[in-house]
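Dear colleague,

I am handing over the structure we spoke about, with the sequence alongside it.

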Amino acid sequence: RRFLQTLGRVTLITILTAGGSFYYITYKDRTPGPQQPFDPDKKTIVVLGSGWGATSLLKSLDNEDYNVVVISPRNYFLFTPLLPSVAIGTLDARSIIQPTRYITRHKKRVVHVYEAEAQEVDPINKTVTFKGKNFSYTSPIKGQQDTGSIKYDYLVYAVGAETQTFNIPGVKEHSCFMKELKDAEKLRTTVMDCIESAAMNSDNPNAGADVDRLLHMVVVGGGPTGIELSGELHDFVHDDLKNWYPELADKVRVTLIEALPNVLPMFSKQLIQYTESTFKENKINILTRTKVKEIKENSVIVQNEKGEFVEMPFGVLVWAAGNVGRDITRNLMGKIGAAQSNPRGLLVDDFLQLKGAEGIYAIGDCAATSYAPTAQVASQQGNYLARQFVQIARKENLEAKLKHLRESLDTAPEAIESTVKQINKASKLRPFHYSHQGSLAYIGSEKAIADLPFLNGNFASGGVATFLFWRSAYVSTLFSLRNRTLVVSDWLKVKLFGRDTSRD
Ligand code: FAD
Ligand code: NAI
């Protein structure tokens, strides 16, 4: 009895402590304290974007020595690795976004966040012109009023990339994309539109071909986005449609189209084979060496490996064929000229400084580096820049101190010498070094694949255990306790009640 009493007390204390800590952390998170005001005498860092690169920078940056202004058309951070899960309702859209102010309001000095799109960067005059939705802008910088243009001392250029269409006819008009939150929401609605239209006509003997078309889901691009999305679509059909639309579920087809000889070229060979065999089991049809040539309203024209042109009707088509730089990035490259000639993106030096321009740093998918355009790279670059800015501020503060020491008559020579040494130390900036933590992808039916660096080699694994690892890795990578809690509770909800099949 005494043992049970002790166990009861320990359990109660543990629950109270855990609950108390959880409440304390969430309370601290949603009640940020006062901040130091904008200081016109400090240098201004303008950050373009609120994605992986920009948000990692903002999270790590000590902005005591800087004024920081963030300009981005979306006022939140989007956790892209879980976006395909939103597209079929495994996760709620709000669970994977984090308002940018939840981060900036915790900074030492106030950060201005403008929900606006940068239109142009002038690298000579060091200004950014931007445009927001229905707003009248008053610049915090002295002497600039309602101009929609801001002067920077340092510009962190982190606008990402957009989806590559290769100017293939019909892509923009008739495809769904998988880049932004609205894309995932649109896809979810489009899928349900097709399912409901097919259900309405399932008893009509004359509508057979149209029902087949509506239930054909095509994904273009066998990179990780296309693979993850195909896996999620399979789960939706298998776990949910089978129960609620039994007359349709067996007729749903998922086809993945890839121009190259195999999918997932960045993963090891055995994981490519594992993915292909899992897709086969899950009846996801992979068409490799097949190029999309045109997309019409209800059909896609492809050229297969024999060179033949084939027309395939579809209900939903998702275009996930890679990245291309944004117009503003091309415009900036044009202004800089010869130093920026790589069509893949902005060229930077080892310190992430834009080649051919002063005071601009480019991070993430907009930069053309030797690394893949991934969240991992962008976030490490953001963290690196945050450390660089602290070091630059330290150096500038020391230089101001040295000037002051030299100006005062009674300064001991040792004090000057020691400050010079500190300046020399602070001047030595380390180049950016990327540390690859591995590649992970979800492939459907509660299986994932992982290529992980291990003892100077590689450890490849795939299956259900890897899926659990995939989930725990992404939950721990989410930027806040709030997002972690929402994502885990969404997973639990889907496990208990299934996905919501209602149409918005
Ligand atoms: P983004 O995160 O795209 O952010 C760009 C920001 O710039 C956005 O806030 C945007 O609104 C803003 N912006 C756009 N135009 C302007 C403008 N004119 N002015 C100001 N701001 C602007 N990578 C991984 O490592 N692991 C994964 O599992 C993974 N999964 C992914 C799943 C999907 C579906 C997708 C689409 C990508 C995935 N990625 C993954 C890749 C990863 O999301 C990108 O590499 C990463 O987002 C790049 O970060 P970024 O900061 O350069 O750009
Ligand atoms: P991607 O560039 O990796 O893949 C696009 C694929 O589309 C390519 O294989 C290409 O051959 C194919 N393609 C292009 N045009 C085509 C056409 N006309 N017809 C048929 N196929 C065509 O693009 P993705 O998957 O969007 O990924 C972008 C970046 O984001 C990559 O760097 C990727 O590593 C990263 N990412 C990482 C994830 C992860 O680690 N789990 C998940 C999603 C993206």
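What follows describes the protein chain as a whole and then the surroundings of its two ligands in turn.

Please keep in mind that this is a predicted model. The scores are ipTM 0.98 and pTM 0.94, and the mean pLDDT of the protein chain is 94, with 97% of its residues at 70 or more.

The protein chain has 504 residues, of which 37% are buried, and its C-alpha trace extends over about 100 × 80 × 50 Å along the principal axes. In secondary structure there are 15 helices and 21 strands. If one takes the contacts between residues at least 6 apart in sequence, 65% of them link residues that are at least 24 apart.

The chain is divided into domain 1 (1-31), domain 2 (32-161 + 325-427) and domain 3 (171-324 + 437-497), and the centres of domain 1 and domain 2, taken over C-alpha atoms, are separated by 41 Å.

Turning to ligand 1, there are 33 residues around it, and those that come nearest are G49, G51, G160, G364 and T374. Two or more residues of this shell are given by each of helix 2 (52-60), strand 2 (66-72), helix 3 (83-87), strand 5 (111-122) and helix 12 (375-407). Sorted by class, the shell around ligand 1 consists of 17 nonpolar, 11 polar and 5 charged residues. Because domain 2 and domain 3 both give residues to the shell around ligand 1, this ligand lies between them.

Around ligand 2 there are 27 residues, and here G221, G223, P224, T225 and G322 come nearest. At least two residues of the shell are supplied by each of helix 8 (224-244), strand 13 (291-295) and strand 19 (439-444), and of the elements it is helix 8 that gives the most, with 4 residues. P224 and T225, which are among the nearest residues, fall within the span 224-244 of helix 8. By class, the shell around ligand 2 holds 15 nonpolar, 9 polar and 3 charged residues. Domain 2 and domain 3 each contribute at least three residues to the shell around ligand 2.

With best wishes

Notes:
Residues numbered from 1 in each chain as written. Chains lettered and ligands numbered in written order. Predicted model: local features only at pLDDT ≥ 70, side-chain atom pairs only at ≥ 80, totals over all residues. Near = placed C-beta within 6 Å. Nonpolar A, V, L, I, M, F, W, Y, C, P; charged D, E, K, R; others polar. Domains from an automatic or database assignment. Buried ≥ 20, exposed ≤ 12 C-beta atoms within 10 Å, placed from the backbone. Contact = placed C-beta atoms within 7 Å. pLDDT = per-residue confidence, 0-100.
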